Amino acid sequence: MSAITRDEVAHLARLSRLALTDDELDHYATQLDAIIESVAKVAEVAAEDVPPSSHALPLTNVFRADEVRQSLTPEQALSGAPAVEDDRFRVPRILGEEA
Amino acid sequence: MTMVYDEALDRFEPVLGLETHVELGTKSKMFCGCKTAFGAPANTQVCPTCLALPGSLPVANAMAIESTIRIGLALNCSIAEWCRFARKNYFYPDMPKNYQISQYDEPLCFDGYVDVEVGGETVRIEIERVHLEEDTGKSTHMGGATGRIHGADYSIVDYNRAGIPLVEIVTKPIPGTDRLAPEVAKAYVTELREIMRSLGVSDVRMEEGSLRCDVNVSLMPRGASEWGTRTETKNVNSLRSVERAVRSEIERQAGILAEGGKIFQETRHFHEDTGTTTSGRSKEEAQDYRYFPEPDLVPIEPDPVWVAELKAALPELPSVRRKRLQAEWGVSDLDMQAMHNADAFDLVEATVAAGAPAADARKWWMGELARRANESGVALAELPITPAQIARVTELVASGALNDKLAREVLEGVLAGEGTPDEVVEARGLKIVNDEGELSAIIDQVLAANADAAEKVRSGKIAAAGALVGGVMKASRGKADAARARELILEKLGVSE
Amino acid sequence: MSLIRKTAAELGAMIAAGDVSAAEVAEAHLDRMAEVEPKVQAFLHVDRETTLEQARAVDARLRAGEKLGPLAGVPVAHKDIFATRDMPTTAGSKILEGWRPPYDATVTARLREAGLVILGKTNLDEFAMGSSTENSAYHPTRNPWDLDRIPGGSSGGSSAAVAAYEAPLSTGTDTGGSIRQPAAVTGIVGMKPTYGGSSRYGLIAFASSLDTPGPFARNVLDAALLQEAFSGHDPMDSTSVDAPVPSVVEAARNPDVSGMRIGVVKEFAGEGYQPGVLARYHEAVKLLESLGATVVEVSCPSFTTALPAYYLIAPSECSSNLARFDAMRYGLRVGDDGTRSAEEVMALTRAAGFGPEVKRRIMLGTYALSSGYYDAYYGQAQKVRTVISREFQAAYEQVDVLVSPTTPTTAFRLGERTDDPMAMYLADLCTIPSNLAGNAAISVPCGLADEDNLPVGLQIMAPVLADDRCYRVGAAVEKALESRWGGPLLKEAPSL
């Protein structure tokens, strides 16, 4: 039985904003299936009582003081932009509204 | 389709939920040192971090953490002993990283409550969580007919707002509000706004978006025990809209349910112009935000001693303060409500602190000044006059140097930018005529000009003296002391009361 | 001896003494690059004039009496994943082609401040995802020992540049072995410092909780000098450690292992390891014993699950970190014909701008973080991470350092594993545990495998913030082996 279906890969591609062709979907479905099967080995480690680590080092409470620092100039900020209008980033039309 | 409100409430019970976003008034952004000023030129308050340039990293603003904990404490919350930021992943052009740094299952503050007064009753709103996150940039939609997102040709984005600290306050579901649901929602947001102000953590201006509200509403048939499907209405940007959005959503849902229809869990948008909501998102796929602990930041572990200190140092909270002021000023519930609605507590309290009697302070702010603020369409606090100046005017009235009519003229002068009350009195020559000789001369003129009236008084019709006093006030252009003028008139005509 | 054969320490001393100028040193390396780059292709970006300008500026600073560090005037090549404000920064991806950052990474800025001269930006696997540098969107880089073989990855441009004498020093990043593995297969020294010991600010993120900047050099002391120049606490990186650490330069100058306890990781040997690699590794362990160290075998059974845990954690973080490449604010934009939506343009751009390995990992990470799978994959991987850290801690109670081969095999041939991701991932088998636990680990050359005459690396792992132990043991191995070989291993490399 495969760990991941082609439809699931298509869903992942949509979630990841990757416009993949049908051939690519087939190709990735096969590869991801093999990889997922292999990484599923993590389940073999008995770790019910083990806390997860998101970091290697147990640092806490790293903050900065509420102080203003120099921002970029608008020219610097916009220097890499694919399109600019009125000192703003020009982007293609936005579908729907989110949060 | 929609059902009128009263009928809807006859058949259904509403359950509310409110998610409120408060932009903190920190000097710098949540995760970088950019300024947070409102209305700055586009993309002048951005840096590698808040533009999500490759390689940039966030560092959390200590003041934002402190403010959030203070908000939690003011809302009677428990403060987490240990918690983390998490990434909320979704793509959207106004969110530079395409994930928002937020908090997921480990909020900074949780399990609190706030009491609000509605219709003379106290309603306890339970708070589920208070967490810290970052704001997004702002898109302007170009082309198309409406300037709205739908039908636009393209958009332009300003990231000045991206990364401003945002505190999200989420209530637990609020059942049992019944017909008062819209008022309860409004009272809750009003109370939050005042709490934020008293804490000094935000300017909470709904019109500038520093206080934003999402309203969740569901209905269940009367007598049912299971709550209905809720909708989340966004874009509710004024206190009045909070009330209207709840009402409108109750009417809409009731209409659908009454016809045997189904409510879909969805995001809806409130429209100020029509007072109604429309469906915001028609995605068949449920959002999957793929939250995970933010690896670029380390956990927060607030020192309990510090939290206790913050708690001890909280300012007097608005509900406590209102009770105290009402007792001190000895005013009715109705007057308190009027002052509350007019946002006049600070002004009246400051005026009293500057030496005015409470009754006078309230009279001026809620009377003459409220009228003028209303005329100019500004808030009371925005009038160009200070509590100390009002206190001075009441002092001049009390000392007899001004009467109410003159005092109103003085206020007019101050509001017109002519200077302090004393300067206006001097410049406009508004002092009551206290010189007996001058007053006597004016009275003589008036008696001579109104011989008939004078005769009536002399013959015992003392009521006719009113017209003579009026004449004196007119001749003195309001500057005479009316009571003294009456005494002198009667004296000159040889009668007594 | 020509300038390019000198060590960084020697060059620094000569420049400080005024025997040679920084500009002359830079020029010598630029000339070498002009000569061998057509074969090696270690660099993505070279700008002779900018480099010489920097070198002349350093010469001026030195003439003005400015007190700079021991590497002032010495050239360095940066992995093209560190932001540089005067050079393009691409992360080896088409999606960032031509992007010029308006700011410097902390590593870049500190090395500029210390007077190092940037020779250029080196090639890498796209977004540091790979073990061969074949995943670069621009071109592969070749191993100076055998041009048909890979230079390791992801920092393969940096390892090849140093091994080919194009640069005395280079920077890299190590997320699962991306410094140590390339160092091992090109016969040079590569160090992954303790996580948090060197700043990630300005390093284009692959997997935030694992990415670690580190040095490449042809000898242990040079690596220590470079690490010391760019590490230390950085308030711009919340995960940066603000604690005093023992000097790595002093440790590198003190190659003494007598009385040290050295643990041999039992799980990292045997099946799947090239016999020539194991032979050199075992000799190195014996050598350490002969130098006065106590050697014991240590078992860390969970290390075998480090690879699957890594291939859940790193892709998960990368799926989120790479979301910012969306065609809106910088970089490539594809398909914006005025009718398509932002969502469509994002998807077309990302499909065109990312290579296959990056797409694979983004989708794998998206999968592992999805609701319904999170606990079984990402959550479980984070627990495995805790288990691995605990095994390291238990081991370090018995020994001062752990050793293993750096890689199971020597450099493989270009194209050999490109169609088999799982085979490619095996190259990082021995290096990944240190990334998951955040501890320090170095790779030093320990000879040539008999089968193919290609370099073998010895990995030395030390506890968190004990980077000095890696350098001390590494320097001891280097000193003993070089006296046996009559010079550095690299002198065995064929001339280019």
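Let me begin with one residue, C:Ala91, which counts as buried because it has 31 C-beta neighbours inside 10 Å; a residue is called buried if 20 or more other C-beta atoms lie within 10 Å of its own, exposed if 12 or fewer, and partly exposed in between, with C-beta atoms placed from the backbone. What you see is a predicted model, in which local features need pLDDT of at least 70 and side-chain atom pairs count only at pLDDT 80 or more, while totals for chains, interfaces and linings use all residues. Residues are numbered from 1 along each chain as its sequence is written, and chains are lettered from A and ligands numbered from 1 in the order in which they are written.

C:Ala91 sits in the loop between strand E2 (75–79) and helix H4 (106–113) of chain C, where helices (H or I, at least four residues) and strands (E, at least two) are DSSP runs numbered from the N terminus. Its phi is near 55°, a positive value in a residue other than glycine. Most residues other than glycine have a negative phi, and most peptide bonds are trans. Chain C also holds a cis peptide bond, with omega about 10°, between C:Gly153 and C:Ser154, and C:Ser154 belongs to the loop between strand E3 (117–122) and helix H5 (156–163) of that chain.

B:Asn76 also has a positive phi, near 60°, and this residue is in the loop between helix H2 (62–74) and strand E3 (78–79) of chain B. Is B:Asn76 buried or partly exposed? It counts as partly exposed, because it has 16 C-beta neighbours inside 10 Å.

Now to whole chains. Chain C has 16 helices and 11 strands, and 67% of its 496 residues count as buried. For chain A the picture is another one, since a compact globule of 99 residues would have a radius of gyration near 13 Å, but chain A has 22 Å. Buried residues make up 36% of chain A, and its elements run α-α-β-α-β-β from the N terminus on.

How does chain A meet chain B? Here 33 residues of chain A are in contact with 43 residues of chain B, contact meaning that the C-beta atoms of two residues, placed from the backbone, lie within 7 Å. On the side of chain A that touches chain B, strand E3(A) gives the most, with five residues. E3(A) and strand E9 (residues 154–158) of chain B pair in the antiparallel sense over four bridges, given that two strands pair if DSSP finds at least two bridges between them. In E9(B), B:Ser155 is the bridge partner of A:Val91.

Finally, look inside chain B, at helix H8 (residues 345–353), where B:Leu347, B:Val348, B:Thr351 and B:Val352 are buried. They lie on the same side of H8(B), because they cover an arc of only 130° around the axis, the arc being that of the directions from the helix axis to the C-beta atoms. These buried residues pack against helix H7 (333–341), helix H9 (358–376) and helix H10 (387–398) of chain B. After H8(B) comes B:Gly355, with a positive phi near 115°.

Terms used
Rg over C-alpha atoms; globule rule 2.2 N^0.38 Å.
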